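Subject: Structure handover and notes

Dear colleague,

I am passing on the structure below, together with my notes on what was found in it. Please read the notes with the structure open beside them.

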Amino acid sequence: MESGPSLSLEELQLATRNHGLPLEALAHPVTPLGLHYVLTHFDIPVVDPAGWRLEIEGSVRRPMSLTLADIQARPVVTRPVTMECAGNGRALVQPHVISQPWLLEAVGTIEWTGTTVAELLDDAGVDTGAVEVVFEGLDAGIDGGVEQLYARSLSLEDARSDGVMLAYAANGVPLLPQHGYPLRLVVPGWYGMTSVKWLRGMRVVSQPFEGHQQATAYRIRQSEDESGVPVTRMLPRALMVPPGIPDFMTRERFVDCGPVRIDGRAWSGWGAIASVDVSSDGGESWRPAGLAEPIGEHAWRGWSYTWQPDRPGRYELCCSAVDVAGNRQPLTPSWNIGGYSNNAVQRVPVTVRP
C-alpha cells in the first residue's frame, strides 16, 4: 500500500479530537456507543438539561418552546440507523485534501430513540409558503472565516420523510456528550453532517437557508470558483472486517492457508443493498458474497464470503456494493476539493502463510 502525504499539525489536531470505528467492530450489527465514529466541528457544548429548551419558530402558526421532558413525553420511535461522515475516505484521494484525515472508519450504526420531526411540524402548524426547516445546534465556532452556530436545513419534504427524528437516546441510554446531548437530529440515508447535534432550535423559513454549512461547505466542487452540487445521500459502500491478525504499524493482515471467512457490512442512502462482491486480486475478478437479513430499513446489511486462497503469498482483498438504484462502488477514488463522497472500494493487503 502506498504511503500518503505527511499530515499537518492542524490535521493531527483534528485527528486526535475525532475518531473512527475500528473495522473489527463491524462484527457488531449495532455499534457499541464508544466505537461509533465521532466528528465535532467546533467544541462539544456542556449543556444543563434543566435550562435547555428546543425552540420551534419561524413560519409556524404555533411556536413552541419544549423541555427535554416535553419531547420525551411525545410518541416514541426507535430504529437502527447507519451514519457515515461525508469525508469518509478523504485521506485516500489524490491530490491530498487538507481536512479531517479519514481513511474508511467514519461510520457506525446506532439504535436511536426519539420522536419524529413530521409530527412536531404538524403540531406547530407550518405556514403556507414555507420551504425549509433550519436545524441549529449549540456548537459555536469559525469556519470559512465565518463565526456561526453549526446549522443545516432540510426541505419540508425531506424533514417530513420517514425516519427523520429528534433523538434523545442511543442504544437505550441518554445521548453521550459527543453524540449531541441532550437532543440531536437524525436523518437516515444522508451523510452525517445533516444530523445536527446539540440541537437548540428548528426554524421554519420561506426562503432557502444560506448558512455556511449549507451554501459553502459540503458541496462537490472541482474548484473554489464554482458553486458545486450539495452533498446529500450516502453512496453505496461495503466494508469488511479485516481477516486474520494485523501487523502493528502497517495493519497488513496475516492468515493461514485454508478457508478464510470474511464478514462485513454494506449500506447506501439510495436504497437497500442489492449485492456485494469480493475480490482477492485487487479487483481483477469478483465473486458474490452472501447477504444477511436486514436489521432495519435504514441500517447497514451484513454480508459474508468464504475465501479459498490456493497458495501462500500476498493478496489484495476488495469488496464492492451495489444498491437497488443501480449505484455501484468505483475501483478508484474521485477527487473534489472537499474530499467528499469518496466511496471507492476498500483494499486490504493480506499475506497467506504456508
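E252 is buried, with a relative accessible area of 14%, and in this predicted model it forms a salt bridge with R314, in which the closest N and O atoms are 3.1 Å apart. The pair links distant parts of the chain, since E252 sits in the loop between strand 14 and strand 15 while R314 belongs to strand 21, 62 residues apart.

R237 lies in strand 13 (residues 237-240) and E84 in strand 3 (residues 77-84), so that the pair links distant parts of the chain, 153 residues apart. Both R237 and E84 are buried. A search of the whole structure finds 10 salt bridges.

Turning to the sheet, six strands form an open arrangement in the order 14-15-22-21-17-18, with mixed pairing. Its edges are strand 14 (245-246) and strand 18 (287-288), each of which pairs on one side only. Strand 15 (residues 253-256) and strand 22 (residues 346-353) run parallel and are joined by four bridges; within this pairing R253 stands opposite V350, and the bridge partner of D256 is R353. Strand 21 (residues 313-323), by contrast, pairs with strand 22 in the antiparallel sense over seven bridges, and Y315 has V350 as its bridge partner in strand 22. Six of the eight residues of strand 22 are buried, so this strand is largely enclosed by the rest of the structure.

The largest nonpolar core has 68 residues, of which W112, F135 and M202 touch the most other members. Strand 7 (residues 165-170) supplies the largest share of this core, six residues. Leaving aside neighbours within four places in sequence, W112 is in contact with a set of residues that includes V77, V81, M83, M165, A167, A169 and A170, as well as R79 and R184. A second, separate core of 20 residues includes V255, A266, V278 and A321.

Finally, in helix 3 (residues 117-124) the residues V117, A118, L120, L121 and A124 are buried. These cover an arc of only 165 degrees around the axis, which puts them on the same side of helix 3. At the start of this helix, a side-chain oxygen of T116 reaches to within 3.3 Å of the backbone nitrogen of E119, and just after helix 3, G125 takes a positive phi of about 75 degrees.

With kind regards

Notes. Residues numbered from 1 in each chain as written. Predicted model: local features only at pLDDT ≥ 70, side-chain atom pairs only at ≥ 80, totals over all residues. Heavy atoms only, no water. Pairing = 2+ DSSP bridges. Helix = DSSP H or I, 4+ residues; strand = E, 2+ residues; numbered from the N terminus. Buried < 20%, exposed > 50% of the residue type's maximum accessible area, 1.4 Å probe, protein only. Arc of directions from axis to C-beta. Polar contact = N/O pair within 3.5 Å; in protein donor to acceptor, adjacent residues only side chain to side chain. Core = buried A, V, L, I, M, F, W, Y, C linked by side-chain atoms within 4.5 Å. Contact = heavy atoms within 4.5 Å. Salt bridge = Lys/Arg side-chain N within 4 Å of Asp/Glu carboxyl O.
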